[in-house]
Amino acid sequence: LSIEAPKNQSFQECNVCNSDTCHPFRTEYLYFGVPLEVALRFGFVATYAWTLLYAVDVYLKSRQTGLKPSRYHAISWTTAILFMGINETVLFAGVGVSCAGRTALIGSYLCMYIPMITVVVANPILYGFSLR
């Protein structure tokens, strides 16, 4: 899978598709950029999940209940894998690595920022309930 730019065009001018948000296809991006992007996003989403579950755990401990640590692991890692699976499927399925349309990018951003916004909103509320 290699698409080269003609010699008279610069890298920025050589787009594989015709949508508004095309990215020039490079083999380096496929082998290095995509795995790095997936790993970073997975790490962020897993961190959001763990932070939210820590707040849930504090709330449950304040009520003298709680879950086993293995359940927290299962919930947080599964949530991160689920969001990343949805993200990568929306971003790359059907359009290929070289061209992600505007709809795919919106879905990708939602898979990244919905967990973050959930944590930012829910954590103060859960900690507030824990103090009562």
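## Aromatic pairs

The model is predicted. Across the whole structure, a search turns up three aromatic pairs. Take phenylalanine 42 and tryptophan 77. Their ring centres lie 5.9 Å apart, and their planes meet at 15°. Planes under 30 degrees apart count as stacked, so this pair is stacked. The pair joins distant parts of the chain. Phenylalanine 42 sits in helix H1 (residues 27-62), and tryptophan 77 sits in helix H2 (residues 69-92). They are 35 residues apart.

Next come tryptophan 50 and tryptophan 77. Here the ring centres are 6.1 Å apart and the planes stand at 75°. The cut-off for edge-to-face is over 60 degrees, so this pair is edge-to-face. This pair also links distant parts of the chain: tryptophan 50 is in helix H1, tryptophan 77 is in helix H2, and 27 residues separate them.

## The ring cluster

Which residues do the ring pairs link into a cluster? They are Phe42, Trp50 and Trp77. Tryptophan 77 takes part in the stacked pair with phenylalanine 42 and in the edge-to-face pair with tryptophan 50.

Phenylalanine 42 has 26% relative accessibility, so it counts as partly exposed. Tryptophan 50 has 29%, so it is partly exposed. Tryptophan 77 has 36%, so it too is partly exposed.

## Serine 76

Serine 76 belongs to helix H2. Its relative accessibility is 0%, so it counts as buried. The side chain of serine 76 makes a polar contact with the side chain of tryptophan 50, at 3.2 Å. Tryptophan 50 is therefore tied to helix H2 by its ring pair with tryptophan 77, and its side chain also has the polar contact with serine 76.

What does serine 76 touch beyond its neighbours within four places in sequence? Its contacts there are Ala49, Trp50 and Leu53.

## One salt bridge

Side chains of opposite charge can pair when their charged atoms come close. How many salt bridges does the count give here? The count is one. Arginine 41 and glutamate 37 form a salt bridge, with 3.8 Å between the closest N and O atoms.

Both residues lie in helix H1. They are four residues apart, about one turn of the helix. Arginine 41 is buried, and glutamate 37 is buried as well.

## Nonpolar surface patch

A nonpolar patch lies on the surface. Its members are Tyr109, Tyr113, Ile117, Val120, Val121, Ile125 and Phe129. Together they have about 670 Å² of accessible area.

One of the members is Ile125. Isoleucine 125 lies in helix H3 (residues 102-131). At 45% relative accessibility, isoleucine 125 is partly exposed.

## The chain overall

The protein chain has three helices and zero strands. Along the sequence, the pattern is α-α-α. Among contacts with a separation of 6 or more, 71% are between residues 24 or more positions apart.

The protein chain has 132 residues, and 30% of them count as buried. Its accessible surface is about 8,700 Å². Carbon and sulfur atoms make up 67% of that surface.

Note on methods. Residues are numbered from 1 along each chain as its sequence is written. This is a predicted model: local features need pLDDT of at least 70, side-chain atom pairs count only at pLDDT 80 or more; totals for chains, interfaces and linings use all residues. Side-chain values use heavy atoms; hydrogens and water are left out. Rings of Phe, Tyr and Trp (its six-membered ring) pair if their centres lie within 6.5 Å; planes under 30 degrees apart count as stacked, over 60 as edge-to-face and the rest as tilted. Helices (H or I, at least four residues) and strands (E, at least two) are DSSP runs, numbered from the N terminus. Buried means under 20% relative accessible area, exposed over 50%, partly exposed in between (1.4 Å probe, protein chains only). Contact means heavy atoms within 4.5 Å. Accessible areas come from the Shrake-Rupley method with a 1.4 Å probe; for residues, only the protein chains shown count as cover. A polar contact is a pair of N or O atoms within 3.5 Å; within protein, one must be able to donate a hydrogen and the other to accept it, and residues adjacent in sequence count only if both atoms are side-chain atoms. A salt bridge is a side-chain nitrogen of Lys or Arg within 4 Å of a carboxyl oxygen of Asp or Glu. Patches are made of residues with over 30% relative accessible area and no salt bridge: like charges are joined within 9 Å, nonpolar side chains (Val, Leu, Ile, Met, Phe, Trp, Tyr) within 5 Å.
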